[in-house]
Amino acid sequence: MNLRNLFVAALCIVASLVNAAEIIRISTHETDLVFRVGNDGRLYQAYLGKHLKFESDLQHLPNGKEAYLTHGMEDYFEPALDVRHVDGNASTLLKYVSHTSNKTLDGATETIITLRDPVYQTTAVMHFVAYPEVNIIKTYTEITNAEKKPVKLAKYASSLLHLDAKKYYLTEFSGNWAKEAKMSSTPLNFGKKVLDTKLGTRANLFTPPMFILSLDQEPTEDEGQVLLGQLGWTGNFRFTFEVDEDGRLRIISGINPYFSEYELGAGETFTTPEFFFTLSQQGTQHASLCFHDWARQYQLRDGDKDRMTLLNNWEATYFDFNEEKLCNLMDDAVKLGVDMFLLDDGWFGNKYPRSSDNAGLGDWEETKDKLPGKVTKLVDEATKRGIKFGIWIEPEMVNPKSELYEKHKDWVITLPNRDEYYFRNQLVLDLSNPKVQDFVFGIVDRLMTDYPGIAYFKWDCNSPITNIYSPYLKDKQQHLYVDYVRGLYSVLERVKAKYPNLPMMMCSGGSGRIDYKGLSYFTEFWASDNTDPLERLFIQYGYSFFYPAKATCAHVTTWNSTTSVKFRTDVAMMGKMGFDIKLSDMSADDLTYAQGAIKNWKRLRPAILEGDMYRLFSPYDGAHASTGFVSKDKSQAVVFVFDTYPRYGETTRNLVLKGLNEDARYRVKEINLEPNKQSRLRCNNKVYSGQYLMTVGIQAFSANKLTSHVLELTKE
Ligand code: GLA
C-alpha cells in the first residue's frame with residue numbers, strides 16, 4: 001500500500017468512526033425518535049417510543065432498520081424511495097452526509113438529516129420538526145436530482161417509520177358521501193395493508209389520510225401505546241403498513257405513486273408533503289388532545305381565533321331563491337342570534353343559470369333575475385341587520401353547460417378523444433395550468449374586490465378528477481395528480497396572502513378532502529352533508545380523533561326530524577355550530593330553545609372551542625354517547641349526553657367524567673332545557689368534587705329513546 005492509499009484508508013476509518021458515533025435524537029417531552037449512523041455510513045432508525053430520560057442510554061440502542069429505504073438494494077420489502085436514474089439503473093443507496101438541529105421561531109426543534117447516493121449524487125434531505133409540549137412530530141423529505149438529465153421518481157414517500165411490537169392493530173376511517181369517518185380496527189399480520197385514494201380532487205371520498213396504529217393491544221382511550229398519523233396532502237395519498245417475516249412493522253406515508261411517476265429535472269428538488277404524527281403512551285384520548293392542541297397552536301388556519309355561528313340557506317332553499325327569500329332568511333338568522341348568513345350554491349350563471357346542479361358552474365357572475373341587486377345588495381342587507389355575509393363557491397369545477405366550458409375547453413381535465421363522463425354533471429378544471437390558477441384565484445379576488453364586505457367563503461369541491469387528461473401537461477400526464485394539488489396550494493397561498501383575515505370552510509360534498517395541509521388555508525371543514533344527529537354522533541366522533549371542535553362544522557337541519565330540535569342542536573353544539581333550516585320548520589318553542597342554545601354555545605366557548613375534548617362514551621359502544629369539554633383552566637366544563645335507542649328498561653351505568661381538577665368542587669347544572677321543562681337529573685344543581693365525578697360519575701344516561709342532556713359544570 002503506498003502512502004496515498006494508506007492516507008485514504010485512514011481517512012475512511014476515521015470517517016466511519018465519526019459516523020458510528022453519530023446519534024441523532026428527535027424529541028418531544030413524551031416521545032423519542034432516534035437515528036444512528038451505522039459503520040457502513042447508512043442511516044438507521046434505532047428507536048421510536050417513549051421519551052428516554054437519560055441521554056447516556058442512547059448509545060446502547062442497536063442500529064435498527066434503515067431509515068429511508070430505497071429500491072434496488074438489500075431490502076426486500078416496500079421502499080420509501082425509488083428513483084430511475086438517467087442511465088436506466090433503478091437502484092439508490094443513501095449514505096449519511098450531515099445533520100443539523102435548530103430551534104424554530106415557534107418553539108419547535110427542526111432536525112435536518114442529509115443523505116446522498118455516492119454514485120448518482122441523488123440526495124434525500126429528511127426534515128423532522130418536533131413540537132415538544134404537544135408531542136407532535138412533523139416530517140417530510142426533499143429529494144434532489146444531481147444528475148445532468150431528468151430522472152424519474154417512481155416512489156417518493158414523505159416518511160418511513162419502523163415499529164416493533166408483539167401485535168399491531170390498525171384503525172381506519174372509511175366511508176362515502178354522507179357516511180364519513182366510519183371506524184374499524186383490524187390486526188396487522190404478515191404482509192401489507194394499504195390505505196390509499198386515487199380520486200384526485202375529492203380525494204377522501206372513501207377514506208381520509210389519517211389512521212390510528214395501536215401497539216400490542218387493541219386501541220383503548222386511556223391505555224396503551226398508539227400512533228396517530230396524518231398526511232398533509234389534499235390529493236391522492238397512500239399509507240402502506242407492512243409486517244415483515246420477523247413481525248416488524250414499517251409505515252410508509254406519502255403521495256400515492258399511482259399514475260404519478262414524477263420526472264425530476266437536473267438540479268431540481270421534489271418536496272414531499274408533510275406527515276404529522278403523535279405517539280401516545282396513554283391511549284387515543286391523550287393522542288387526540290395532542291393533535292387538537294397542536295392544530296390550534298400551529299397548523300389550523302386561525303387556530304387561535306374565534307369562530308362565527310351561521311345560518312346557511314342550502315337546505316332551506318336549495319337553488320330556489322331570490323333576494324326576498326334570502327332577506328327573509330337573514331331575518332331568521334337575526335332571530336336565531338347567529339353571527340352570519342351564508343349564501344350557498346345557485347347564485348351565479350346567466351347564459352346558463354345555476355338553477356340545478358347541471359348548469360352554470362364556472363360562470364361566477366350573479367344571476368340577474370335572481371339577484372338584480374347583485375351581491376352588494378345582500379352584503380348591505382346583512383350589514384343592516386348587524387350580521388356578516390358569507391358566500392359559497394366551487395371554483396375548481398365546471399359544468400359542460402357553461403360559458404366557461406364553451407370558451408376554455410383547454411382549461412378542463414378531459415380526454416380529447418373519448419366521450420366525457422360526469423360526476424355530478426361537472427368536470428374538474430386543470431389546476432396544473434398557471435392560467436387556470438389565475439382564473440381560480442380571480443374568482444375570490446373579484447368577489448372580494450367588488451364586495452369587500454364578504455366575510456366568509458365556503459369553498460366546495462364536489463367531483464373527483466374524472467376523464468384523466470390534462471391538455472396543459474401534454475406528454476407529462478403522470479404529473480397531473482401532483483401538479484393539480486400544487487396548483488391548488490399556490491392559489492390558496494395567494495388567497496391567504498391577499499386576504500389574511502378571511503375565514504373559509506373547506507367542503508367537498510361533505511368532508512371529501514380534509515387534511516391538515518388543507519386546513520392551513522381553511523379555518524374549518526364541513527364534516528358531512530349528513531346532519532341526521534344520530535349519524536353525526538358517529539361522524540363527529542370519528543373526526544374528533546384528529547380535529548378539534550373548532551374545525552368541525554356541525555349544523556342543525558331537518559335531517560331526521562323524528563329527533564327533536566333539542567337533540568339535533570345538542571349534537572351540533574359539539575362542533576362549530578350552525579343552522580341550515582327555515583324557522584318555519586321549527587315551532588315557537590324550538591326557536592326559543594335554539595336561541596338559548598346559541599347563547600350557551602357562545603358562553604361556553606372557553607371549553608368547547610379552546611378547551612380539551614374528552615370522548616366519554618363512544619356511540620360504537622351501545623345506545624348512548626357522550627362528549628365532554630373542559631376549559632384549559634379547568635374552571636368550566638360542559639358535558640353532552642345522548643340516549644339513542646336504549647332497550648326497554650335498560651339499566652344504565654354512571655357517566656364517568658374526565659379532565660377535571662380532582663381537588664376542585666364543581667356545581668353541575670343542566671342547561672339547554674326546552675321551554676317550560678325542568679331538569680329531572682338527580683345530579684342537577686348538586687356540587688361534587690372533581691375526583692368523585694371522575695371516579696364514581698353521575699347518573700346522566702337513561703333508557704328513554706332519543707333524549708339528550710347538556711350539563712354545565714362550574715368550579716365553585
Ligand atoms: C355540496 C355541499 C353542500 C352544498 C352543495 C351545493 O354537496 O356539501 O353543503 O353546498 O354542495 O351544491
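The entries start with the basis of the model and go on to the ligand and the cavities.

Basis. I am working with a predicted model, in which local features need pLDDT of at least 70, side-chain atom pairs count only at pLDDT 80 or more, and totals for chains, interfaces and linings use all residues. Residues are numbered from 1 along each chain as its sequence is written, and side-chain values use heavy atoms, with hydrogens and water left out.

I sorted the shell by class, with Ala, Val, Leu, Ile, Met, Phe, Trp, Tyr, Cys and Pro as nonpolar, Asp, Glu, Lys and Arg as charged, and the others, Gly among them, as polar.

I then checked N and O atoms for polar contacts (pairs within 3.5 Å). A side-chain N or O atom of Arg424 is 3.0 Å from a ligand oxygen, and one of Trp392 is 3.1 Å from a ligand oxygen. At Gly510 a backbone N or O atom lies 3.1 Å from an oxygen of the ligand. The protein buries 96% of the 310 Å² that the ligand exposes when taken alone (Shrake-Rupley method, 1.4 Å probe).

Cavities. I searched a 1 Å grid over the protein atoms alone for sets of points where a 1.4 Å probe fits but cannot get out; lining residues have an atom within 4 Å of a point. Points are joined across faces, edges and corners, and a volume is the space filled by probe spheres set on them. I count seven cavities of 30 Å³ or more.

Largest cavity. This cavity holds about 160 Å³. Its lining has 17 residues, with Gln540, Tyr541, Ser544, Met574 and Thr627 nearest the centre. Helix 9 (533–544), strand 32 (612–617) and strand 33 (624–630) each give two or more residues to it; helices (H or I, at least four residues) and strands (E, at least two) are DSSP runs numbered from the N terminus. By class the lining has ten nonpolar, six polar and one charged residues.

Second largest cavity. I read about 100 Å³ here. Of its 13 lining residues, Ala157, Arg238, Ile252, Ile255 and Pro257 are closest to the centre. Strand 18 (248–255) is among the elements that supply at least two lining residues, and strand 18 gives the most, with four. The lining divides into seven nonpolar, three polar and three charged residues.

Notes: A polar contact is a pair of N or O atoms within 3.5 Å; within protein, one must be able to donate a hydrogen and the other to accept it, and residues adjacent in sequence count only if both atoms are side-chain atoms. On a 1 Å grid over the protein atoms alone, a cavity is a set of points where a 1.4 Å probe fits but cannot get out, and a pocket is an open set with protein on both sides within 12 Å along at least five of seven lines; lining residues have an atom within 4 Å of a point.
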